[in-house]
Amino acid sequence: MTTKKIVLYVTGGIAAYKVPLLARDLIKKGYQVRVALTQNAQKYVTVDTMQVLTKQDVYTDFTLQKVAYVPHVHLAQWADLAVVVPATANIIAKMAQGLADDFVSTTLLATPGPILVVPAMNDHMWENPATQRNIAQLKADGKRVLEPAHGFLAEGYAAKGRMPEPIEISQAIDESFQSQDLQEKRIVITAGGTQEDLDPVRYLTNKSSGKMGYALAQIAQARGAHVTLISGPTNLTPPTGVDFQPVRTAQEMQVKVNQVYAQADVVIMAAAVADYLPVQTASQKIKKNQDVWHLELKKNVDILQGLGQAKTHQFLVGFAAETQDLIANGQKKLAKKNLDLLVANDVSRSDIGFNSDQNEVTFLASQQAPRKINKAQKHQIAQAILDEIKARQGW
Ligand code: CTP
């Protein structure tokens, strides 16, 4: 878990109402969070809210009594990362010019460390050449700018200018601390469940949410890897920067995986591939004119087993979803599919696994005692899996 220190500088845009959610998420991840609010920000988010969430005094001006010395210098130096969120056109202009006329702008000017700027504003203000000049200046000065999203604005219409969701900002913050230790590695990750059609409107699938595979893709990408994410249908947004290949059936997934297998350094099969598919797929919608419907199913392709057989240099990682005898069943899969690492998880538990944001897994590898990874967020489990691969490959 991280212990990094973040200061959130909140300026006066309506999107400030989402900052408490961001702060809560960061605290859950272990970050130490302090908050400074401009005068205008306090119209949208209160000092009390931020104080209760962070359990820290909130900075609004230079008079904070509890800090022994100059508060703006103290806060500026305390931060491992300063995040301006939301950043109005005004604070962006002030930062670009080096103006220091209130606590937030002064502290930002005194900040020696990295600064992440998260603009949110009206689309015309964003597109205004003055704002674009200022943004270019901030980038040239070494600040990282998170592009506003396209979406519904407070003005009542959809356009570019919207603040990215708190979860995306939180992930961008994680990425700021990520070392680029997987650079030039080609990692193929499968995710989600597959769908096997019964007729044009019905299919067989499973409970996989795709969260584990997407977390792996996001972290691997942030660590510098070239990531191909081959995914069955999910409700998730693919991480930016990955080569995203959507598929539906196991067959389609196999084709896509095989296309990139030869060039891959690592393949991680986090997808829950349907083990069986209907013997026949009806071309027309099946009518309900029988009381009992006997489905005939046949074994599906086993993608991972095929990869294990064709393995040349690739490091192969499988997942084992088990409801009983986790370790014994996992060991069998490790050998049978010729894997280098098997990540076993108990899907009978409702607090982890399918659809949960958390997981608890055990790493199995040949000639190695099982290694249990304690219950943690899927993003942290993803880090642990990538660390294990890296260590085993000697990267
Ligand atoms: N897998 C696969 N193709 C399949 C089934 C599974 O590639 N048709 C992969 C999964 O992505 C996972 C691993 O094999 O990485 C193990 O999946 P799991 O469902 O736990 O095991 P199965 O091989 O399907 O065995 P069983 O269902 O009998 O436990």
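This is a predicted model: local features need pLDDT of at least 70, side-chain atom pairs count only at pLDDT 80 or more; totals for chains, interfaces and linings use all residues.
Let me start with glutamate 184, which is placed in the loop between α8 (166-176) and β8 (186-191), where helices (H or I, at least four residues) and strands (E, at least two) are DSSP runs numbered from the N terminus. Its phi is near 70°, a positive value in a residue other than glycine. For context, most residues other than glycine have a negative phi, and most peptide bonds are trans. A cis peptide bond, with omega about -10°, joins valine 85 and proline 86, and proline 86 is found in strand β3, residues 81-87.

Residues are numbered from 1 along each chain as its sequence is written, and side-chain values use heavy atoms, with hydrogens and water left out.

On the overall layout, the domain assignment, meaning bounds from an automatic or database source, gives domain 1 (5-176) and domain 2 (186-393), and their centres, taken over C-alpha atoms, are 38 Å apart.

Now to the ligand. Of the 14 residues around the ligand (a heavy atom within 4 Å), Met269, Ala271, Val301, Lys333 and Lys337 come nearest. By class, this shell has 9 nonpolar, 1 polar and 4 charged residues; here Ala, Val, Leu, Ile, Met, Phe, Trp, Tyr, Cys and Pro count as nonpolar, Asp, Glu, Lys and Arg as charged, and the others, Gly among them, as polar. Both α11 (303-309) and β16 (315-322) supply at least two shell residues, and β16 gives the most, with 4 residues.

Which atoms of the protein lie 2.7 Å, 2.8 Å and 3.1 Å from the ligand? A polar side-chain atom of lysine 333 lies 2.7 Å from a ligand oxygen, a backbone N or O atom of phenylalanine 319 lies 2.8 Å from a ligand oxygen, and a backbone N or O atom of isoleucine 303 lies 3.1 Å from a ligand nitrogen.

Methods. A polar contact is a pair of N or O atoms within 3.5 Å; within protein, one must be able to donate a hydrogen and the other to accept it, and residues adjacent in sequence count only if both atoms are side-chain atoms.
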